[in-house]
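Here are some notes for reading alongside the model. They take up a pair of domains and then a pair of helices.

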Amino acid sequence: MTVQAGRRAGIEPGALDSALQAPLGELLLALADDDFVLGFADSEWTGIAPHLEEDVAMSSLAQDELGHASAYYGLLAGLTAGDADRIAYDRPAEAFRHCRLVDHGRGDWARTMTRRWLYDTANAVRLEALAGSTDRLLADLVVKVRREETYHLLHGEAWLERLASHAGEPRRRLLEALELVGPDAPSVLAPLPDEAALVAAGIQPIPSVELIERWSARIGPVLAGLGLALPPAAPAALDPATARSGHGPAFLALYTEFSLVRGLDRAATW
Amino acid sequence: MTACVATDLLPSSVADEVRVILAGIVDPEIPAISIVDLGLVGEVSLVEGTLAVELLPTFIGCPALDLIRATVTERLEHEMAKPGSGIERVAVTISFAEPWTAARITGRGRAALAASGFAPPDRAPQLVSLARGATCPYCGSRRTVQENAFGPTRCRSIHYCTTCRQPFEQFKDG
């Protein structure tokens, strides 16, 4: 995807300090890989969601995530004179920089919905900040992404409430999911290794520690209202060295799946 | 709506010609409406022989976008980049410089959507329009319920009219 220069004020494409290229690249890769991996995992529900309307909804959500990932990869390709498809598909599994929350497999429906809600709420806080980024192309794109994410937030919250308010199996499965993926949820907002440079340049206008506080303040009351609480964060989910690396078997299986066809003929035209 | 407005960067004769050509290109998923009436066309400029056209996606992951871009490129190259025209090349890009919203759909576009069984989006902020009943394109009733915020394509939602008992779709605000 070719992305045209925007008209918002900020750093012009090509005018970026060369010392900021690598940190910006890491940020774009984190945004892209999160949506790409989550989009692929959620697309596994196509055809087998609990009912037809949900099948349509889940497929749409997954398609959105892949669309957003494609646009972020496009910005990264522009930054590095690379190719979006090659970045997305031709990297080894260990080069992916998605966060620990999306590294889990989709699991059952309750886990998928719990993970979606945690991701969408954290991502909303992240994107709200990045809409004010000094990087103009990123800010332009994020403004558009946020409009689409509104639908995701409404969908996720409706499911969280539905599962939480039905005693028995729905609530039991929700609690199990929260216990499993909840400790990794803050990894969406964990600091990147070069966060200081991004914050100083205004590319990431708000430090991650503040983003995590905002997110906790926002989701805490929603969870409390349903008699739920987020488990304490796993130390690895907040550490820049581990929040986005050391992927587990669920991702490796997904990676094998999504890189399979591409691997058959890397020179093919899609 | 900035599509094909003559500016310093685009002589009015060229703007007129571009407008006519783009108005003849329809949305591949809803062929009743042109990409101009849908509000997909952003800035158009002519700089040093390059006719540049911005396309604003309704939804970022819209798979029809590549087809639309290829069609726009092909038509403009074929009909405008002629010897002596001053246009040597055509560059069509996907832009997020201004987000596409339903407010970009023209009056003619809204009528075309309604005539083909799609409720046009409400002229309202996104969250308000999500909460209210869409107007049934068949009987005009607002006694409708949203069956699914997601539909057969990224830009369509599914509704049911409790007055005339007809299911219908609404074009979504992006």
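1. In this predicted model, the C-alpha centres of domain 1 of chain B and domain 2 of chain B are 29 Å apart. Each side of the contact is formed by a handful of residues: 7 residues come from domain 1 of chain B and 7 residues from domain 2 of chain B.

2. The bounds used here are those of the domain assignment, which places domain 1 of chain B at 12–102 and domain 2 at 117–171.

3. Between them, domain 1 of chain B and domain 2 of chain B bury about 670 Å², and 80% of this area is on carbon and sulfur atoms. Which three residues supply more than any others of the area that domain 1 of chain B buries against domain 2 of chain B? They are E29(B), I30(B) and F59(B), with 61% of that area.

4. Helix α1 (residues 18–43) of chain A and helix α5 (residues 109–130) of chain A have axes that come within 12 Å and cross at roughly 155 degrees. Angles over 145 degrees count as roughly antiparallel, so α1(A) is roughly antiparallel to α5(A). The crossing of these two helices, α1(A) and α5(A), is left-handed.

5. On the α1(A) side, the residues that meet α5(A) include L27(A), L31(A), D34(A) and D35(A). Among their partners in α5(A) are R115(A), R116(A), Y119(A) and L127(A). Sorted by class, the contact of α1(A) with α5(A) has 7 nonpolar, 2 polar and 6 charged residues.

Note on methods. Residues are numbered from 1 along each chain as its sequence is written. Chains are lettered from A and ligands numbered from 1 in the order in which they are written. This is a predicted model: local features need pLDDT of at least 70, side-chain atom pairs count only at pLDDT 80 or more; totals for chains, interfaces and linings use all residues. Side-chain values use heavy atoms; hydrogens and water are left out. Axes are lines fitted to C-alpha atoms, for helices over the stretch in contact, and angles run from 0 to 180 degrees between N-to-C directions. Helices (H or I, at least four residues) and strands (E, at least two) are DSSP runs, numbered from the N terminus. Angles under 35 degrees count as roughly parallel, over 145 as roughly antiparallel, 65 to 115 as roughly perpendicular and the rest as oblique. A crossing is left-handed if the near helix is turned anticlockwise from the far one by less than a right angle, and right-handed if clockwise. Contact means heavy atoms within 4.5 Å. Ala, Val, Leu, Ile, Met, Phe, Trp, Tyr, Cys and Pro count as nonpolar, Asp, Glu, Lys and Arg as charged, and the others, Gly among them, as polar. Domain bounds come from an automatic or database domain assignment. Buried area is the accessible area (1.4 Å probe) that two parts lose on being put together, summed over both.
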